Every structure is written in structure tokens, then in C-alpha cells.
Amino acid sequence: MTTTLTRPSEPKEGRATARAAAARATRRAARRHRPGYFFILPALALFALFFIYPLVSSFIQSFQSISGGETSWVGLAQYQRLFEDPLVAQSLFNVFLILVIQVPLMVCIAIGLAYILNQSWVRFRTGFRAIYFLPAVTTLVAYSLVFRVMLATDGGAANQMLGMIGMDPIDWLNSEGWARVALIASITWRWTGYNMIIILAGLQAIPAEQYEAARIDGAGRWAIFSRIVVPQLRPVILFSSITSTIGALQLFDENFILTGGGPNNATLTPVLYLYKVGFQQFDFGYASAIAWLVVAIIAVISVIQFRIMRDKP
Amino acid sequence: MMQTLRRSPLYLLLVLGAVASLVPFLWMVIASTHTTAAIFATPMPFLPGGELWNNLARLQEETGFARVMLNSVLVATIYTAFSCIVSAMCGYGLAKYRFRGRGIMLGGVLLTMMIPGQVLLVPLFQMMASVGWINSFQALILPFLANAFGIFLMRQAFLDFPDSLIESARIDGASEIKTFYRIVLPVARPQLAALVIYTFISQWNSFIWPLLMLNSEEKYTLPVALNTMVGLSRVDYSGLMLGSLLATLPLLIVFLLFQKQFISGLMGGAVKG
């Protein structure tokens, strides 16, 4: 009787104690990992207060109209306004012009430079690398000011140099086309060396044996570059392209200082427009809608770039 | 020798590129030692002039430049110190502890890296206005202390740190905090150095937010002060060039002294990730 009673209960008890032991172990582990909360707490609090809350607030405000201290819910009206606003279209056009001209141009130059400066036979390699990287060391506002002064129409350094080779001065910052050229040239000057260094680091991660093997197989210089170097660099090129694209979409300092968005809004960017709408006209609802438009565009472009880079074998 | 000669077109190209990189710097130096009239005269000056001290005196008189410089150094230093502590702590917590909500926190950090900061401008401005922090340094520092990039960088640095070392420190009776500061953090010194440089530069360069926050000259940081000089009715271009030079100089010095950390700081896991 006793045996029949105890026997079936034995494994049950065993199971119970095992479960209890496991629970104790989990609790102990949880207790041991509890200090983790302490370490993330400052960051968590700061994120909640200065990121999550403003993010939600910005989203809500994009459905509101705030004027004269009166806040009213307007639904999608602010977003509808985006589509009808010629300045939004203009700023997007400007920024896409930069995206299709400046970003590929700069990334290609950066790849070329990095490839050359990775060759062991090039003299003064380190010196060249440092010099090309130097523009990335300047403060955005400071370098924009230098370009602004250099590009002055009367007596600016750029026009003086043109004069020396017998060319007429160019009205750099006051004509729509040239202002865009000036902006693109400035950004390219500032960021090419930076991207070159990133790509250079990627190049140095390619094992030397791969070049050797290709050379033995009789691959020419171009074949090595296009078949080995570029495919291996894909993640680095992707990184450079995405950060440059996002940077271009967020462009503010350079065009704010160089042209103030002019002439005729030819260098107006979404963020500069956001600044003007939000902090010169104090139309916070509309400014928030513009901000979310920028978020959406950046998200879409990043996804597309990831897809393109992944699909290519 | 023959090879070098054969490759001379390539070198010519490299030298031209180097000249293009350097000219704006050289020109900034030259322009800051001349009067504004001389800068725009034909022909323009090619050598430094003798106006440096006059320009400096005028810059100081017009904008209180010493004060501006001090403000920038102060804000950037305080920001860097606190931001790096917060990043290192959070990175360590995420790398070495398994607690509930860790995945969400990690995802959140990545999300903040992907969302452009401009979205926060309006609500942060309103927040600062409502607590009366407009025109204060804490408004420049506090909202951006938690830096997702820094947290991520430090997390990557701590991931490789052996658990057994942490465990043995615990057994020896060291508190969690002591273990972190005395044993874990010193090992991550190279990454921390890179983060310090990156953080300092990002604050030094910061423009749109200080532009929104600051409205009195004695609080201006460098970029804001330079921008106001452009707004004056008669722009003092030689003073402006000297100001730009002085704003760039600290970064140049840091770059030349700490090239390696400087570059890895700016790149931050670009290649590895």
C-alpha cells in the first residue's frame, strides 16, 4: 500500500524539486543580472525624456495646427499641405539633384583615391592620405564661411583664379545653377577624404592572397579592380553611400551659411525649410509634418539601397 | 626611376587633388592675416600679411571671441565627459547582463540612430522653452547626452571582454560598479578614446541646435558666433576668416596628435559592421 502510494509520487516530487531548482536558478540569474538595469538606467531615462517623448510629440503635432496659442486637430491637413507646397517640391528637387550628382561622384572619387593610395608603390602615401582627409577636420560652419568668401563674385579667390586663366568671373552664389554647383563642390571637398579613409580601411581588410591568386590566373589590373576589389568592398561602399545619402537629406549648415537657401530657393533643402517654417514662422505643426516627410524619405531610400546592394551577386 | 616617371600622370593627379584639399586651408590662413579690403583686392594676396593681431583684437572687440571660445570648450568638455560615461555604462549593461527588456533597449538604440535628429527640433525647443532653459548651457548638453552611436560602439567593445574575468572580480568581492570602472573600462581604452574624440567634435560642430537655443552674445558657441558675424551690416571678412581658423585649429591639432583615434572615432565601426 505504502509502496504503491509512494512510487508514483516519487517522480512527481522529483519533477517538482527540479522545477523549483530551475526556478531558483532563474531567480538567482535574474538577481545577478539585475545590475544591468543600473547601467542602462541613465541612458534609458535620457532616451525616454529627450527622444521618445519628443518623437511622439512631434508625430502628434504633425496632425495639429498651432496658431496664436490655439492648438487644433486638423488630421492629415498638414500632410496634404506638403503635397501642394511648391517649396517642399523645390527642396526635394534640390536635394535629389545632390543625391544623383554629388553622392555617386564623391563615392567614385573616394573609391579611386583609396585604391590608388592602397598601392604599395605609391610614394608619400601616408602624406597624401592625411592631406585628403584634412577637409573632414573642419567645422561645418567654418568651412562653409571660407567657401562663401572664396566664391564671392567680386574679388573672390575662385573668380581671381579664373581671371588668371582669362575667364570671366562667375556669379557663384547668386545664380541658381552656379549656387548648386558651389554647394555640391563644397560638400564634395568636405567629405571625399572622409569616405576615402573608410573605403581604404575596407580595402585593407581584403586578404593579399586574393590579389596574388588573381594575378597568377592572369587577371589584368582592371579585372582585379572590378572583379575582386569592388565586390569585396560592397558593404563599405554601401555604408558610404547610405551615410552620404542621409547626410545630403539632412543638409543644413552648408547651404544655410553659403546661400541661405537662395537664390530663388535653388539651394533650399527640406531641413532648411523646416527651420524656416518652424522657427521663423513658428508654424510648429507644419514643421513637424516636414520632419516626418524627411524621416519617411530616409527610411525608403535606406531600404532601397540595402536591396540594391544585396541583390547584386 | 623609370617606373616613377611612367607613373607621373598619376602623381600629377594626386598632387592636384592634394592642392585642391589644401587651398581652402591655406587661403583661410592667408586671409586671416590681411584686411578685408586686401582679401578682395586684385590681385589677391598670396602670402600672409601683417594684420593678424589687428584682426584678433577686432574679433575680440566685436564678438568677445575669447568668451565664445571658452563657451565652446566648456560645453564640449562637459558634454563629452557625461555623454561618454552614459554611453560606456549603457554599452556595458547591454553587452554583459541578460535582463528583461534588453532586446527592446538594443532595438531602441538602433532606431535612434536611424531617425534623423531634426524630428526632435520642434518638441525639444518647446520643452526647453517650457522649463525656461532657452539660452542656457544645460539645454545644449542634456538632451543629447544619450548618444546611440556611442552606446553601440561601447557595446561592441565590451562584447569581446571575457566573462570569466568579470566573474572572478565578483568572487573577489568587488561591487558591480567597481568591476566596471576598475577592470572592464580600462581594457576598452582605445574605443573610449575614439568615442571621446568623436563626441567632442560632434559637439564642437553642433550648429542648428545652439542656433535655436542661444540668444545672447555671452552664451554663444563658436559656430553661432561666426554665423552672427555674417549677419552684421558690414561683414568683417578678415575677422571672420580668423574666427574660422580659430574654430578649426583645435580639431586640426587633435587630428595631428591622435590621427589613429581621430579617424577611428569618426568612422566608428563603419567597416566592421
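Colleague: Where do the numbers and letters come from?

Modeller: Residues are numbered from 1 along each chain as its sequence is written, and chains are lettered from A and ligands numbered from 1 in the order in which they are written. The model is predicted, so local features need pLDDT of at least 70, side-chain atom pairs count only at pLDDT 80 or more, and totals for chains, interfaces and linings use all residues, while side-chain values use heavy atoms, with hydrogens and water left out.

Colleague: How many helices and strands does chain B have?

Modeller: Helices (H or I, at least four residues) and strands (E, at least two) are DSSP runs, numbered from the N terminus. Chain B has 16 helices and zero strands.

Colleague: What is the radius of gyration of chain B?

Modeller: The value is taken over C-alpha atoms, and the globule rule is 2.2 Å times the number of residues to the power 0.38. Chain B has 23 Å, whereas a compact globule of 273 residues would have a value near 19 Å. Its C-alpha atoms fill a box of roughly 75 × 70 × 35 Å along the principal axes.

Colleague: How is the size of an interface given?

Modeller: Often as the accessible area lost when the parts come together. Buried area is that loss (1.4 Å probe), summed over both parts. Between chain B and chain A it is about 7600 Å², and carbon and sulfur atoms give 80% of this. In chain B, B:Leu14, B:Gln118 and B:Val122 lose the most area to chain A, together 8% of what that side buries.

Colleague: How many residues does each chain bring to the contact?

Modeller: Contact means heavy atoms within 4.5 Å. Chain B brings 89 residues and chain A brings 82 residues.

Colleague: How many polar contacts and salt bridges lie between chain B and chain A?

Modeller: A polar contact is a pair of N or O atoms within 3.5 Å; within protein, one must be able to donate a hydrogen and the other to accept it, and residues adjacent in sequence count only if both atoms are side-chain atoms. Between chain B and chain A, 14 residue pairs are in polar contact, both at pLDDT 80 or more. A salt bridge is a side-chain nitrogen of Lys or Arg within 4 Å of a carboxyl oxygen of Asp or Glu. The count of these between chain B and chain A is zero.

Colleague: How many salt bridges does the structure hold over all chains?

Modeller: Side chains of opposite charge can pair when their charged atoms come close. Over all chains, the structure holds seven salt bridges. One of them joins A:Arg81 and A:Asp283 (3.0 Å, N to O). A:Arg81 lies in helix H3 and A:Asp283 in the loop between helix H13 and helix H14 of chain A, so the pair ties together parts 202 residues apart in sequence.

Colleague: Is A:Asp283 buried or exposed?

Modeller: Buried means under 20% relative accessible area, exposed over 50%, partly exposed in between (1.4 Å probe, protein chains only). A:Asp283 is buried, at 16%. A:Arg81 is partly exposed, at 34%.

Colleague: Which backbone oxygen lies 2.8 Å from the side chain of A:Asn94?

Modeller: That of A:Leu268, which lies at this distance from a polar atom of the side chain. A:Asn94 sits in helix H4 (residues 86-116) of chain A. A:Asn94 is buried because its relative accessible area is 3%. Beyond four places in sequence, the residues that A:Asn94 touches include A:Arg180 and A:Asn265.

Methods:
Buried area is the accessible area (1.4 Å probe) that two parts lose on being put together, summed over both.
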